[in-house]
Amino acid sequence: MAAHELVIRAGTVVDGTGGAPRTADVAVDGGRITAVGRIDGRGHREIDADGLLVAPGWVDVHTHYDGQATWDTELAPSLWHGVTTVVMGNCGVGFAPVRPDRHAWLIELMEGVEDIPGTALHEGISWGWESFPEYLDVLGARAYTMDVAAQVPHAAVRGYVMGDRGADHTEAPTAAEVEAMGRIVAEAVRAGALGFSTSRTVNHRSADGRHTPSLTAGADELLGIAAAMGATGLGVFEVVADLVDVDDEFALLRAMVEASGRPMSITTLQNAARPDQHRRLLELIGAAATAGLPVRGQVAARPVGLIMSLDGRVHPFVASPAFHEVAALPSADRARALADPERRARLLAEAAPMGWGWDGIYPLGDRPDYDPGPGGSLAALGAAHPDGPAGAALDHLLAAAGTGCLYVPVMNYADRDLRAVREMLVDPHTVPGLGDAGAHCTMICDGSFPTHLAAYWSRDAAPDDRLPFAWVVARQARATAELVGLHDRGLLAPGYRADINLVDHAALGIGRPEMLHDLPAGGKRLVQRATGYVSTLVAGEETVAAGEATGARPGRLVRGAQAGPA
């Protein structure tokens, strides 16, 4: 009789604690790890991991699969990047609670804030819920390639309670309305929401151009919701904010934690307009942590940037009449038409760098370089190009039969290097996140953050900047899981969930962004594939083998915080 259901043999185990890697076997039974070390006897199934790193699956705490999870059980691109648990409902947007006559309103909000095609959401979402617990029940009836957890979004709660007034920034909720919002959030976390999210950034707008409803929510509203959630003893807060007056704004966020006793993560990025502000935010987060308040910064593994492609919404020729004459053609046909000498001349005359300047736009090749430096910009490349920066831009966009990409690092690249990124990553009070998988379908492609963190920072960065792979695993698996209260995963140790990645470290990498037309109603989305994940297991079942989905669906809805093994 087999000693175990599955044994992973002779891999280099990186267990998530941050400790030194070691050669060991890993046994799995009933979806849990039952032994790590030298395991005698045969398993019912065996995987030879000799030469591979064996690590916990990644926990991605910042995704936007809220709509997609109601029609899609695969959840790519996260599936391709070693992710075994996703948390959605971030940035204050989502699809519950919702009154029957407010479906279109939430879709317009998600379309504007997260760049998910409204046509795809209209066709793909079948609804079937009003309250947040009912939404969780719909998710709970489905099986996925990974575990799925949700947060209750502020904008939806505000719209449910206040109706059209919830999106009117000249209006404030009454005391009764604040109480109602608190009841809804408390009900949601008791039913299994991991927490509550809100947005306070002018960058988040509905498809009709209006700012996100939660932008100007006042202290009475936020503290009222915080107190109601705190009374449950459950849930975490996720916040994105402009923090223009960082001390004043942080004081309100800190007060929410003080009023509730619940953990909070805050988007932490370097803004080119205020390139040192992230340091002050880290100081404030550190001071709160020293005072015993559970506050963390949520940081990105690289610059946050726009992807320009001829299939996307932004590129230097998007306003050109010469481009629009052929824009609707298939990519390869369009590329041939754009290469015509007469049309090319018109394109170059009509090109515009769209406000960023040629010195802020970079080519993004088959092996994307997210730290090209000033010498890699179109301004620098255009100096040696016969048609200048516009010619260099067009040539890169026409590469690969017209599917080439350009890159505009908007955040985290003010100094034209990755020093600020590393500084934020290694701060003891931050966790990696902000990848937005499932969102920003035509302009941003950051769902590959977990793979970039593992490949670039542990292998490809300059030697003095590299971070140990064991450190990366501890941050991307254990620290992220703990941030949202999932204490049953993120470690390779007996009793923990058997969410496991087998990684060929030398092969680990990311491909260039590609546009797929696979959303409902033919909607398109940018994705990036990964290499180097030899196998990914969720609850002991293999969901990815040799980079391809196996068809297994062991993932389920995670309802609320999960305790670790006794």
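In this predicted model, Ile307 stands opposite Tyr407 in strand 16, where strands are DSSP runs of E with at least two residues, numbered from the N terminus. Residues are numbered from 1 along each chain as its sequence is written. Because this is a predicted model, local features need pLDDT of at least 70, side-chain atom pairs count only at pLDDT 80 or more, and totals for chains, interfaces and linings use all residues.

**The sheet around strand 16**
- Strand 14 and strand 16 (residues 405–411) pair in the antiparallel sense over five bridges, and two strands count as paired if DSSP finds at least two bridges between them.
- Three strands form an open, antiparallel sheet in the order 14-16-15, with strand 14 (304–308) and strand 15 (362–364) as the edge strands, each of which pairs on one side only.
- Strands of a sheet pair through backbone hydrogen bonds, either parallel or antiparallel.

**The helix across the sheet**
- Helix 13 (residues 388–402) lies across strand 14, strand 15 and strand 16 and runs at about 115° to strand 16; contact means heavy atoms within 4.5 Å, and angles run from 0 to 180 degrees between the N-to-C directions of axes, which are lines fitted to C-alpha atoms, for helices over the stretch in contact.

**The whole protein**
- The secondary structure comes to 16 helices and 25 strands, a helix being a DSSP run of H or I with at least four residues.
- Of the 566 residues of the protein, 61% count as buried, meaning under 20% relative accessible area with a 1.4 Å probe, protein chains only.
- Along its principal axes the C-alpha trace spans about 70 × 65 × 45 Å.

Technical notes:
Heavy atoms only, no water. Buried < 20%, exposed > 50% of the residue type's maximum accessible area, 1.4 Å probe, protein only.
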